[in-house]
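Welcome, and thanks for taking a look.

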Amino acid sequence: MATTLAKAADGTEAATHAARIEHVSKSFAGPAGQQLVLDDITLDVAPGEFVTLLGASGCGKSTLLNLVAGLDRPSAGTITTDGRPALMFQEHALFPWLTAGKNIELALKLRGVAKSERRDKAEELLELVRLKGAYGKRVHELSGGMRQRVAMARALAQESRLLLMDEPFAALDAITRDVLHDELTRIWRETKLSVLFVTHNVREAVRLAQRVVLLSSRPGRVAREWTVDIAHPRRIEDTAVAELSVEITEELRGEIRRHGQH
Amino acid sequence: MASTDTTTTAKDGGDLAGLEAGLDALETVQQGRKPFRQTFVEKILPPVLAVLLVLVVWQGLVSFEIVDDPTKLPAPSDVWHVVQDAWLQGELLGYIWTSVSRGLLGFCFALVIGTPLGLLVARVKFVRAAIGPILSGLQSLPSVAWVPPAVIWLGLNNSMMYAVILLGAVPSIANGLVSGVDQVSPLFLRAGRTLGATGLKGTWHIVLPAALPGYVAGLKQGWAFSWRSLMAAEIIASFPDLGVGLGQLLENGRNASDMAMVFEAILLILVVGIAIDLLIFSPLERWVLRSRGLLVRS
């Protein structure tokens with residue numbers, strides 16, 4: 001029932017998991033009574049692990065992410081996270097009344113970082129996403145890829161151990177998306193963050209993750225898991241990526257077909 | 001993932017940085033300011049021509065004696081002389097200042113009352129259900145209707161003027177803020193919450209700045225309503241002790257059957273109303289919209 005926030009004990013004791021989802025169910029009131037969206041999901045994300053949640057429409061992957069982010073409460077089960085997770089959306093969700101730098105500084109401010117340190121910290125984060133010099137830029141002056149990188153920098157500003165990503169690259173063009181995949185992989189390996197990444201793109205899931213979790217649809221259940229044992233740097237064209245993607249796609253299609261057989 | 005290849009990372013990283021810089025450069029749109037000449041031709045010239053056309057038609061009506069009764073339609077030059085005389089006698093700025101100072105002070109009061117009221121209606125469900133409809137309804141009530149009761153309650157004095165301005169402008173300002181808050185994207189609220197902006201922090205850091213365009217539109221309308229209400233109050237409740245504002249000037253012109261003076265007053269009311277909008281509210285609105293990329297350059 002309760003969403004517990006287990007605070008990391010300041011480096012003395014490492015948390016055993018970045019997120020622990022135990023027997024979580026979620027239903028919403030629909031036109032035909034209570035509609036079960038998530039059914040008994042159990043999933044752990046280890047510290048520093050990169051997990052993608054994969055599923056077709058209606059698998060409740062975004063709902064699950066909202067629950068982990070603490071934006072909503074589960075109907076049953078518990079979710080424990082190592083501090084408050086950061087969340088990135090499909091839309092950049094940057095505040096248009098602030099510059100790129102000030103967006104990041106707002107995250108720092110809300111975390112309680114002293115005013116004197118914010119500017120330097122924001123510049124540092126912009127440099128991490130390779131947007132040095134974008135500090136004073138307004139959101140509308142940035143390209144789609146740049147906006148998502150600023151959004152990433154803002155999420156990283158929360159210094160959370162867990163980064164939740166809700167199809168963050170789905171609205172980008174293929175070239176930019178590919179570059180941002182490399183960028184995310186680099187940042188993940190540099191910062192040793194745990195990432196829970198939601199997508200409906202199989203290749204994207206395989207390219208990025210250490211573990212791919214396939215959810216079934218209506219209601220969402222954990223259907224199958226794969227460990228991705230492919231060396232970094234990976235490319236979307238890699239044979240190993242393609243082979244595993246084919247296997248996962250077959251399984252995903254099977255899940256989707258079941259819904260047409262009534 | 002145990003097997004990671006660290007040797008290629010550095011080279012790969014360098015390539016990636018270059019690739020990203022290239023993409024950024026390709027996708028960033030360069031925007032410059034328009035040259036003044038273009039702004040002049042597109043924005044300034046058309047309204048000036050329109051005004052000139054009206055003056056020409058007006059002068060034509062008088063010159064060709066299509067309307068030959070100066071008590072009905074004075075010539076533009078006659079009106080100009082009246083304005084000039086008022087200026088030379090040092091009265092013109094007095095008229096304008098009397099009205100403008102009342103209008104702006106009244107508007108500031110309306111701002112101080114309308115803003116928290118709007119926020120309350122927007123954020124508290126019960127308050128919205130209770131007074132939301134009344135507030136929208138009041139917007140369509142001509143504020144001139146408030147002049148008689150205000151005179152009875154407060155007498156013929158400045159307080160009466162301010163009361164009428166408040167009743168005219170507060171609903172506009174409050175409603176502007178309400179619609180601004182209603183239009184705040186839920187995405188911003190969710191993003192704010194994940195960053196830790198909840199409760200009052202959320203209102204201050206997310207809701208208010210996100211609602212600013214609607215609020216500024218409300219302010220703009222609030223000023224128009226303030227100015228109209230004030231003119232109505234000045235015309236109906238003219239009293240020598242109150243000092244002569246533009247509304248009284250109009251009423252004095254009517255009493256003296258001096259059509260040039262009436263036209264002078266109407267023109268001044270129009271010009272001052274437009275000038276305040278052009279000097280204060282339009283730049284404010286443009287700044288808010290432009291800084292968010294909401295102003296389309298045509």
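pLDDT is the predictor's confidence in each residue, from 0 to 100, and two residues are in contact if their C-beta atoms, placed from the backbone, lie within 7 Å. This is a predicted model, in which local features need pLDDT of at least 70, side-chain atom pairs count only at pLDDT 80 or more, and totals for chains, interfaces and linings use all residues. Residues are numbered from 1 along each chain as its sequence is written, while chains are lettered from A and ligands numbered from 1 in the order in which they are written.

**Confidence in chain A**

- Chain A has a mean pLDDT of 85, with 94% of its residues at 70 or more.
- Residues 1-13 of chain A stay under 50 in pLDDT, and the model gives them 18 contacts beyond four places in sequence.
- Where pLDDT is low, the predicted coordinates should not be read in detail.

**Strands of chain A**

- Strands β2 (residues 19-30) and β3 (residues 33-45) of chain A pair in the antiparallel sense over 9 bridges, where pairing requires that DSSP finds at least two bridges between two strands.
- A hairpin of 2 residues links β2(A) to β3(A), and F28(A) stands opposite Q35(A) in β3(A).
- β2(A) also runs antiparallel to strand β5 (residues 76-82) of chain A, joined by 5 bridges; R20(A) has T80(A) in β5(A) as its bridge partner.

**Where the chains meet**

- Chain A brings 32 residues to the contact and chain B brings 31.
- On the side of chain A that touches chain B, β6 (86-88), α2 (100-111), α4 (144-157) and α5 (174-191) of chain A each give two or more residues.
- The largest share of that side, 6 residues, comes from α5(A).

**Helices of chain B**

- Helix α9 (residues 199-236) and helix α11 (residues 259-291) of chain B pack with their axes 10 Å apart, at an angle of about 170°; axes are lines fitted to C-alpha atoms, for helices over the stretch in contact, and angles run from 0 to 180 degrees between N-to-C directions.
- α9(B) and α11(B) are therefore roughly antiparallel to each other, a term for angles over 145 degrees.
- Residues that meet there include W223(B) and W227(B) from α9(B), and I276(B) and F281(B) from α11(B).

Notes:
Helices (H or I, at least four residues) and strands (E, at least two) are DSSP runs, numbered from the N terminus. Angles under 35 degrees count as roughly parallel, over 145 as roughly antiparallel, 65 to 115 as roughly perpendicular and the rest as oblique.
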